[in-house]
Amino acid sequence: MADLLRLLLKVAEKAANVARVCRQEAPLFQLLVQEKTGDDKNKKFVQDFKTLADVVIQEMIRHDVGAQFPDMADFIHGEESNKFENGLGESVIVTVCSTEEETAALLATVLDGDHTAASLLAKAIHQDPTTVEANTDGLTVSLSPSELGIWIDPIDATSQYIQGREEELEEGRLSPSGLHCALVLIGVYLRSTGEPIMGVINQPFHHKDPAGGGWKGRHFWGVSWDGINVCSVSQPKDGEDRGLSVVLSSSEKQVVKDALALLCSSDKLMYASGAGYKILCVIEGLADVYILSEGSTFKWDSCAPHALLRALGGGVVDLTKRLQMTSEGQDHTAELTYHEPDTECKGADRWANRGGLVAYRDCSKLNSVIAALKGKL
């Protein structure tokens, strides 16, 4: 497991580099932000370079993990399909090749012959990052790769990534929107039960390097399995209770906002972009709870941060199931799982967290918000 964690930290940093390169290099950035109009609007690729950036990151992770752990290769899932149609109407399967030159040639066919952009992207894909440090001492988990699966969200909060607003982050405070909300999420789950057991989160745009001006990121990780709970984020300290704090999407239902306004002071009812970022706010203790009443998140959004919350004694529950339960306490039957699609749905919706969700670190805070929402939804 320590080897797998080290590999996931490394590929997440590679993914972060690709995300940064797509914003730093002018030929890629122009593709990232351009909006196509008129006849071009119907060309699947050209209107959606951001999807290609997502797919490239996803396939790079799939390639690198599958190479080191072949037993996992068929159980590495992502948000995006890797099948593209270029401007000529040709269908191209995007994969990472064995050499930078081969990858560049393949990407050029998707990018309608834009060799400059293809070469820049291929270089980032094949560049090894500096070593990512993680203290994995004592991480002896008795699971084999053949028992595990992976969910990848290559760039969570894509709209914030495209808009690219740069925010000065304040220590200990949630910042509602901006580049920092864009995250690389890699979650590992147990195939037999769907439990999330390992998560890696990379935040590519955390701060600017004072010396060079380029973006620097940071990473988080956690492992939770069979009594072993290890996380790069420290356990919450038992201090004075400063009142309940909740983070929501700004588009959350008014009935939810009204119910929570009775529990929280106005400055403790907060809003932020990106499902992954909102769960990260709970992980870091910037908010006690994240609530979403809609089924608008997916397994790839929640798997990685869910594993970190489990390692910290918390979790992510299905809101609808939790509201239907009669008992309080930490009953794991409502926890989200990651191994089975919803057979009543089609396409990506098969993997939606349809009942909404609540992410929490402290079970008592979970019980408070559930009590406030009972009978309201």
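I started with burial: of the 377 residues in the protein chain, 53% are buried. A reminder to myself that this is a predicted model.

**Overall build**

I looked up the secondary structure next and found 11 helices and 13 strands in the protein chain. I then checked the radius of gyration, which is 21 Å; a compact globule of 377 residues would have one near 21 Å, so the chain agrees with that expectation. Along the principal axes, the C-alpha atoms fill a box of roughly 60 × 50 × 50 Å. For contacts with a separation of 6 or more, I noted that 70% come from residues 24 or more positions apart.

**Aromatic pairs**

My search of the whole structure turned up 5 aromatic pairs. In one of them, the ring centres of Trp151 and Trp300 are 5.8 Å apart with planes at 55°, so I logged the pair as tilted. Trp151 sits in strand 4 (residues 148–156) and Trp300 in helix 9 (residues 299–311), so this pair ties together parts 149 residues apart in sequence. Both Trp151 and Trp300 are buried.

I also opened up Phe205 and Trp215: their ring centres are 5.7 Å apart and their planes at 85°, so this pair is edge-to-face. Phe205 belongs to strand 6 (residues 196–208) and Trp215 to strand 7 (residues 215–225), so the parts tied together are 10 residues apart in sequence. Phe205 is buried at 1% relative accessible area, and Trp215 counts as buried at 13%.

Last entry: ring pairs link Trp151, Phe298, Trp300 and Trp351 into a cluster.

Definitions and conventions
Residues are numbered from 1 along each chain as its sequence is written. This is a predicted model: local features need pLDDT of at least 70, side-chain atom pairs count only at pLDDT 80 or more; totals for chains, interfaces and linings use all residues. Side-chain values use heavy atoms; hydrogens and water are left out. Helices (H or I, at least four residues) and strands (E, at least two) are DSSP runs, numbered from the N terminus. The radius of gyration is taken over C-alpha atoms; the globule rule is 2.2 Å times the number of residues to the power 0.38. Buried means under 20% relative accessible area, exposed over 50%, partly exposed in between (1.4 Å probe, protein chains only). Contact means heavy atoms within 4.5 Å. Rings of Phe, Tyr and Trp (its six-membered ring) pair if their centres lie within 6.5 Å; planes under 30 degrees apart count as stacked, over 60 as edge-to-face and the rest as tilted.
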